[in-house]
Every structure is written in structure tokens, then in C-alpha cells.
Amino acid sequence: MSDTPATYRPAQIWLHWIAVIGVILQIGFNSAIVAVVDAREAGQAPADADMAWAMFHVSIGFVILLAVIARLVLRFRHGVPGHAPGTSAAQGVVAELWPLRIHIVHPCG
Ligand code: HEM
């Protein structure tokens, strides 16, 4: 890994916003995949439209996964800027742990 950079690279910023938009889409468009799971659990065939939107949910989920992997690669290759001056140790710990929250709350995200 190189020395601590002063700023994020454009690719890191793009990947960040791709993940943000992806997560917003996932939160907004999950009723179809929930309907598919509910229909299957009830022994019924899911509606075609629900299946299509469920595939959208899964596809966007994998796009987010790829964006996360690419960001990890960039982080290990090029590093990331340090915390802002004046950040306390406790704030630093929260800032490091906060990105993990989505993986704790979602069944397979
Ligand atoms: C960061 C990526 C993702 C986010 C933010 C996300 C978000 C969500 C949300 C908010 C729900 C609704 C949960 C509920 O109402 O109970 C949901 C349901 C679901 N998601 Fe995702 N999701 C992501 C990725 C994925 C991926 C990659 C898959 C599959 C490989 C997936 C499969 C499912 C399934 C099967 C359900 C329905 C669960 C159920 O009803 O039991 N999700 N997701």
C-alpha cells in the first residue's frame, strides 16, 4: 500500500455513489422479492412482474457487492485519506464500524 493519500481517487468516489444509489434502490424496490418469497412459502407460483423486480433486486445487490470488492481492492492498493483533524479515538472507531451495519442487518447482503 502507498502512503496515506490526501484525497480519495475519482474511482473510489464513483464506487461510493454507485453503492449509495444501489442501496437506496434496494430499500425502495424490495416488495417484489418479499412477495416472491411469501408466494413460494405459501406453495404458490409468484407473479411474473414480481419475479422480474425480484431479479432487479438481486442484480442490484450483486452490483453493490462488486462495487464493495472494487473499493476494497483500491483501498489496499492506494489507501484512503485519514480521519479529519480533531477526530477523537471513539469517533474513529464509529467511523470504521459504520459501513459494516448493512451486512449485519440484511440476511444475505
Ligand atoms: C446491499 C444490498 C442489499 C440491500 C440494501 C437489500 C435490502 C433489502 C431489504 C430492505 C429487504 C426487505 C426486507 C423485509 O422487508 O423483510 C430485502 C429483502 C430481500 N432481499 Fe435484499 N438487499 C440487498 C441485496 C440482496 C441480494 C444480493 C440478494 C440475493 C442474492 C437479496 C435477497 C433478498 C431476499 C430473498 C429478500 C426477501 C427476504 C424475505 O422476505 O424473507 N438481497 N432486501
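Which exposed residues does the face of H1 turned away from its buried side carry?

What you have here is a predicted model. Of its 109 residues, 7% count as buried. If you look at contacts between residues at least 6 apart in sequence, 72% of them join residues at least 24 apart.

Now for H1 itself, which covers residues 10-28. This helix has 19 residues and reaches 27 Å from its first C-alpha to its last, close to the 27 Å expected at 1.5 Å a residue. Within H1, the buried residues are Leu15, Ala19, Gly22 and Gln26. They sit on the same side of H1 because they cover an arc of only 65° around the axis. Helix H3 (48-78) is included in what covers these buried residues.

Turn to the face that points away from the buried side of H1, and you have the reply to the opening question: the exposed residues there are Pro10, Ile13, Trp17, Val20, Ile24, Ile27 and Gly28.

Finally, a look at the database record. An unreviewed UniProt entry places the feature "transmembrane region" at residues 12-33 and 53-74. In the model, residues 12-33 are 91% helix and 0% strand, with end C-alpha atoms 30 Å apart. Residues 53-74 are 100% helix and 0% strand, and their end C-alpha atoms lie 31 Å apart.

Note on methods:
Residues numbered from 1 in each chain as written. Predicted model: local features only at pLDDT ≥ 70, side-chain atom pairs only at ≥ 80, totals over all residues. Helix = DSSP H or I, 4+ residues; strand = E, 2+ residues; numbered from the N terminus. Expected span 1.5 Å × (residues − 1). Buried ≥ 20, exposed ≤ 12 C-beta atoms within 10 Å, placed from the backbone. Arc of directions from axis to C-beta. Contact = placed C-beta atoms within 7 Å. UniProt positions renumbered as here; feature names shortened; annotations may be inferred.
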